[in-house]
Amino acid sequence: MIRGPSTLRLVVLPGSIRVETTAGAPWQAEASFDSVPELADAIARLAAEAPRNRIRSRVSVLLERPLVQVRALDGLPPVRPQDLAALVASQTGRFFRRNGHPLATDAQWQGRGGVARAAAAEEPLLDAIAMGARAAGLRLETIAPVDAPELCLLPGGERAERRRAARTLLRRLAVGAAAAWAAAGLLFTARLFLERRAVERELRALQAPLAAELAARHELRSAELTVLTMRDAQRDGGVAGRAFARVAAALPDSSVLGAFAWNADGSGALSGWAKDASAVVAALARSQAVPQPRLEGPAVKETVAGREWQRFTVVFGPGTP
Amino acid sequence: MIAGALLVLRVLPAAARIVYQARAELQARAELLARARADLAGLGELRDSAATLSQDVVALAPRLVAGASATDAVATIASELSLAATRHGLKLAATAPLEADSTAGRLHRVRVHAQMEGDIRGFASLLRALEASDPVLVVRDLRVTAPAPSTDSRGPEALAIELTVEGWYLK
């Protein structure tokens, strides 16, 4: 469609052309031509007279009948919209009149009723229009029938050139995108490298203080262990004496201690003589002088110094001495 | 086309792998650096702990057995035991070092087995004295054997005493 202040509209009628601005200050001019070769000159002449801004002007061309044939086609196979133009172009003789010149065609589906709108114009006419626009320094935007402006009847050469331009643009965009990605990758890698270098530098700088700190921590741990060990030793210092004192206090009067053994894990044994060996165990358990006291073996009766005694052995603690 | 395929299928994945590894390494090094900084930031606290601990260690000095080697420490313990036995009316028959290879930091443990003779009163006071002694001496094993009761109780009581004493020295 026609947009912007620098767009011209060129209407081609049989034997004459009319050029007008579509925006900005209104301007219009007409010229006549006798033959198709003169059409290019006429377009160039009129376009040169048109007011322009600094941007390259674009021109949109409308063709009047009978320079263009427009048809409503029914009964076409239901091809995709992008394939419809090719289908019509392959059967131009079936849908359009031909008078010896090749035809450029275009077609579009109209709604959902299976009806297509198609248009055709002679290639020499279209070539002349394109040549005239090019000679006038205009950029040809579209060539369409007046009553079907949605169709595009650009000549084959122009279409091929546009396809080439589009391919070139696509290639450039692809190269640009690849270059942008490559640059981003390089920048990212460079950033990684620089950060790594900075981190390594800082780590190297911290190496000596860290070694000193590690040594200090080691010394501290050693000192802490020293203090704890000595506290434990102090705590355990009187355990043996207290155990012995508790046993001595717990033994009943009618008993004599013959031997006492005690280990640091709390186990041990004591043996001796008593009037009643079981009373010794009971006294030890009642007073909690030693943990888990129990007789080891039966008490043996003995006569010592003319008196009857029971010789006993009591073990205590989790293990045996 | 072949160059493009090589680029997409070989070069780019390899480059991506290298960059990914480099990034992972960088992260690991950065974490290491952060930990190192945090450690160094705790130096002040470490100094405070060190000051307190050094006071505690200094206070421990009298409680340690004198000597810089196991032999010295064993001799010191034997001497302490001999002195204590004499003081409490016991007779020190023999002392022998026992193997004790335990260490705690710079502390090393020594053990001495001692055989004594004497009465129950002297033995009890010896135990009490060892409990309160400096250096700290811990009785680990104890065996007391009394003679069988007899009609003749006028003679002095003679207990056979065996004990294992351990102490710590600083190397």
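Visitor: Which residues does B:Asp119 touch, leaving out those up to four places away in sequence?
Guide: This is a predicted model. In it, B:Asp119 touches B:Leu90, B:Glu157 and B:Leu159, with residues up to four places away in sequence not counted.

Visitor: Where does B:Asp119 sit in chain B?
Guide: B:Asp119 is in the loop between β3 (residues 107–118) and α4. Its C-alpha atom is 5.6 Å from that of B:Ala158, although the two residues are 39 apart in sequence.

Visitor: Is B:Asp119 buried, exposed or partly exposed?
Guide: B:Asp119 counts as partly exposed, because its relative accessibility is 30%.

Visitor: And the overall layout of chain B: what pattern does it follow along the sequence?
Guide: The pattern is α-α-α-β-β-β-α-β-β, that is, 4 helices and 5 strands. Of the 171 residues in chain B, 32% are buried. Its accessible surface is about 10200 Å², and 56% of that belongs to carbon and sulfur atoms.

Visitor: How many of the chain B contacts join residues at least 24 apart?
Guide: The share is 67%, among contacts between residues at least 6 apart in sequence.

Visitor: What are the corresponding values for chain A?
Guide: Chain A has 7 helices and 13 strands, and 38% of its 321 residues count as buried. For contacts between residues at least 6 apart in sequence, 56% join residues at least 24 apart. Chain A exposes about 17700 Å², with carbon and sulfur atoms supplying 56% of it.

Visitor: What does A:Leu284 touch, apart from residues up to four places away in sequence?
Guide: A:Leu284 touches A:Val247, A:Ala250, A:Leu270, A:Ala289, A:Val290, A:Pro293 and A:Val314.

Visitor: What about the loop between α7 and β11: what is phi for A:Gln292?
Guide: Phi of A:Gln292 is near 45°, a positive value in a residue other than glycine. A:Gln288, in the loop between α7 (277–287) and β11 (294–295), also has a positive phi, of about 55°, and is not a glycine.

Visitor: Are those two buried or exposed?
Guide: A:Gln288 counts as exposed because its relative accessibility is 64%. A:Gln292 counts as exposed because its value is 52%.

Visitor: A change of topic: A:Asp106. Which strand holds it?
Guide: A:Asp106 is in strand β6 of chain A, residues 103–110.

Visitor: What is the nearest side chain of opposite charge to A:Asp106?
Guide: It is A:Arg159, 5.2 Å away. A:Asp106 is buried yet has no salt bridge.

Visitor: Then what lies around the side chain of A:Asp106?
Guide: A polar atom of that side chain lies 2.8 Å from the backbone nitrogen of A:Cys152. Beyond four places in sequence, A:Asp106 touches several residues, including A:Ala85, A:Arg117, A:Ala119, A:Leu151 and A:Arg159.

Visitor: Last topic, the cis peptide bonds. Which residues does the one in chain A join?
Guide: A cis peptide bond joins A:Arg65 and A:Pro66, with omega about 5°. A:Pro66 is in the loop between β4 (58–63) and β5 (68–73).

Visitor: And where does B:Pro135 lie?
Guide: B:Pro135 lies in the loop between α4 (120–131) and β4 (138–145) of chain B. The peptide bond from B:Asp134 to B:Pro135 is cis, and its omega is near 0°.

Technical notes:
Residues numbered from 1 in each chain as written. Chains lettered and ligands numbered in written order. Predicted model: local features only at pLDDT ≥ 70, side-chain atom pairs only at ≥ 80, totals over all residues. Heavy atoms only, no water. Helix = DSSP H or I, 4+ residues; strand = E, 2+ residues; numbered from the N terminus. Buried < 20%, exposed > 50% of the residue type's maximum accessible area, 1.4 Å probe, protein only. Contact = heavy atoms within 4.5 Å. Areas by Shrake-Rupley, 256 points an atom, 1.4 Å probe, with all protein chains shown as cover. Lys, Arg positive; Asp, Glu negative; His and termini not counted. Salt bridge = Lys/Arg side-chain N within 4 Å of Asp/Glu carboxyl O. Polar contact = N/O pair within 3.5 Å; in protein donor to acceptor, adjacent residues only side chain to side chain.
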